[in-house]
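Work through the exercises below with the structure open beside the text. Try each task before reading its solution.

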Amino acid sequence: MTTTAAPRQTRRSPRVGAIWRGVAGVAGLAIILEIVSRSGIVDQKYLPPFSSVIVRAFTLWGDETFRADVGATLLTYLLGLLISIVIAVPLGALFGLFNPVYRAARALIELMRPIPPVALIPLVLLMLGNGLEMKLVIVVFAAVWPIMFNTLYGVHDVDPLAKDMARSFGIRGFGVIRRIVVPSAAPFIITGIRISSSIALIVVITVELIAGGAQGIGAFISREKGSYVDVGETYLSVLAATIMAGIIGLAINLLIGWVERRYFGWESTARDGV
Amino acid sequence: MTDTSTRALAAQATRATTTRPRWRRALVSIAYFVIPIAVVIGIWQLVTMLNPPAPFFPQPFAIIANLWDLMFGSPKAVQQVFYGEFLQTVGRMALGFAIGAVWGVVVGTIMGLWRGARETINPIVEFLRSIPATATLPLFIILLGGGNDMRVVFIAYGVSWFVLINTSVGVGSVHKTLLDVGKVFRISLARRLFRIVLPGAMPKIFAGLRIASTAALLLAIVSEFMLATDGVGYMLVQAQGRFQLLNMWSWMLALAILGLIINTLLEWIEGRILGWHRQSKSRA
Amino acid sequence: MTENTTVQAALVVDHVSHVYGSGPSAHHAISDLAFSVQPGEFVSIVGPSGAGKTTLLRTLAGLLKPSEGAVIVDGNRITGVPPGMAMVFQDYSRSLLPWLTIEKNVGFPLEGKKVTKAEKKAIIQESLEAVGLGGFAKRYPWQLSGGMQQRVAIARALAYRPSLLLMDEPFASVDAQTREGLEDLVLKIRDTYGMTILFVTHDIDESVYLANRVLVLSRPPARLAEDIVVNLREPRDQITTREDPEFIRLRGHVARLIHSGGKPE
């Protein structure tokens, strides 16, 4: 396995050009949507003007229930992610360090992995009712895999020469793990966490959407769906909430990505999209 | 020197593993696969047989038998259940996947080839794809009703993002020299696209397709949970509503099997098309 | 009847310049280059490390449109890649298509060209044998060593039957002994096929060993420092030619030119 150095910083001017083009793209799309909507080419019920949607998306934050829902979703998401990390990292490390253990577990893993977490919802709903535990079970089941595999990969592929070097300096056993294996595997683990993060958020919102329940962005959307008489208003509201969910997800993703680059940017061969 | 001694050790190690007879290694592999599963199923079966019936965890053998009964128990069952439900789900998935994949490859290729297009479209893509696809289902329902068409479009929409991004990266990763080769030998644009760019991007595109297939299954199930009149997801929810645990487990098993089949199928196709990629990587 | 004494030049470089970027950060890669190449000549282009040589070659290949000036191939000013011209790239591992066998790689330039299957097969076989890889048709690039991969790239260029062959530091990434074999291979090909060859290199010895003429470029903005005619005995030999006093004198002269950045001594 070859390691590549972290990509060099791109020159200034192409970067600026990219930003301008990106802005132009978004602006262009917005304008097109606005015109198509207001002119009535597409019924305003089904394609509300871009401006209205944006306004609605941001005024949502004024709604106390919405804020509470966002909080509930984020809480579930964070807990789910944390639990997943606590389970997946030691497991992944165990598998990475001891191949026979991994091979023994492999059959079970390969059987469990293809099960869509969503498919478990009916069963878990019956078992645990419609509460936090139920959501956490599903979220954790979905989010452990990327972290586990990336940890495994990171631990497994530590440069043997680095380990030899440490041992030649008299460091043994756990010291090697602490000072060579962990830092070496850390970028991979962070990448796994980033992937799991987006999975976790999506699963939380999905579960809320499907299982009903009182709280969460998914629940909010579900409620809004049936709450207005006017189809157009309903649509606008659902659209705005959905877009907000996207923005939140994007923000979280960017944040973790930033942390990843800033603190773990020296290693850029971690597997993406397991 | 540590350098040569490590390499010598590594060489020794590879020699050691390759000199053990092949059939023995195959046997060990199979053992590793079968034994853990057998153990888990065995424990589960034993526990459920010995204890008073635990409502939530039926006996595994019973689950399998029930699923068989449900789908193939009688000619009527085959007609109604296998074709009516199971294949419905499969059909939607496949169609949605196909449409989404084509769309994703087309747009992804455009983005991968032209930096200008990529930079303009990228922010839009990044934003749209972070909206959980499942959360857009209510929108689709409002827009397109609750029918089959809506479901296919919904799946296609969700699937396209994975394919698009992976295609864009894959196409962008085709080395400039390869593109130059195409230009220098005056190969037409169309041929350059289909004989250099797409084959070169195929490993990444395929990775995207595999993720997309998982997503297709997931979205199909979600759409059936929320609003359906047929399909495996629908049956699952129905069984849940009637507290029919055995049926629920059977349908869950059906979904797992479906996921497994899809995964294996794609892996097999990948092995055929991308054999060159795996071999050259192992060499490197 | 008077013989037509003016043989049309295979290649004319007409005051070509190229600038990357604009404004204060602009990089003048090549500046006012002018020379011509007769059919069948072997011309080496050598110069200090920098963007000049590759820029020039890409301009000659039609891959790059020069900021100023024109490139004229067989009497026609080129717009884009001209026909009858093939190129061998430095990075051989990236220039072969990894998903194709050797023989399919060699046959690749014939895609979409009017060639029958039988003809194509014959051309491929002939090209592979010309580079000494007759038996490797069914292998894949990753199964071959670096030198062999570059031979495949040369065979591919041959299969295209070009009248003009451009080579961009083709042996820079190959070890010294393999390089000698490849150098002699190129000479043999020139003798067999009689094509015009432009050979860019940073290896001074190589540039003199192979060529009829050596074009020495200065540091960027690269100008033509000198156009040196090489009158060494044919056929060239790795050992005796390199011992030839004339060779030593020529390579010393080129070396001094390059070390001084292109100013004559």
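**Exercise 1.** Describe the order and the number of secondary structure elements in chain A of this predicted model.

Solution. Start at the N terminus and read along chain A: the elements run α-α-α-α-α-α-α-α-α-α. Counted by kind, chain A has 10 helices and 0 strands.

**Exercise 2.** What percentage of the residues of chain A count as buried, and what percentage of its contacts join residues at least 24 apart?

Solution. First take burial: chain A has 274 residues, and 39% of them count as buried. Then take the contacts between residues at least 6 apart in sequence; 73% of these join residues at least 24 apart.

**Exercise 3.** Determine how α7(A) and α8(A) are arranged relative to each other.

Solution. Step one is to locate the helices: α7 covers residues 160-168 of chain A, and α8 covers residues 173-211 of chain A. Step two is the geometry: the packing angle is about 155°, and the axes lie 10 Å apart. Angles over 145 degrees count as roughly antiparallel, so α7(A) and α8(A) are roughly antiparallel to each other. The crossing of α7(A) past α8(A) is right-handed.

Step three is the residues. From α7(A) come A162(A), K163(A), A166(A) and R167(A), which meet V176(A), R179(A), I180(A) and S184(A) of α8(A). Sorted by class, this contact has 4 nonpolar, 1 polar and 3 charged residues.

**Exercise 4.** Describe the side of chain C that touches chain B.

Solution. Chain C and chain B each give 19 residues to the contact. On the side of chain C, the elements giving two or more residues are β6 (85-88) and α2 (92-95). By class, that side has 14 nonpolar, 2 polar and 3 charged residues.

Notes:
Residues numbered from 1 in each chain as written. Chains lettered and ligands numbered in written order. Predicted model: local features only at pLDDT ≥ 70, side-chain atom pairs only at ≥ 80, totals over all residues. Axes fitted to C-alpha atoms, helices over the stretch in contact; angles between N-to-C directions. Helix = DSSP H or I, 4+ residues; strand = E, 2+ residues; numbered from the N terminus. Parallel < 35°, antiparallel > 145°, perpendicular 65-115°, else oblique. Left-handed = near helix turned anticlockwise from the far one by under 90°. Contact = placed C-beta atoms within 7 Å. Nonpolar A, V, L, I, M, F, W, Y, C, P; charged D, E, K, R; others polar. Buried ≥ 20, exposed ≤ 12 C-beta atoms within 10 Å, placed from the backbone.
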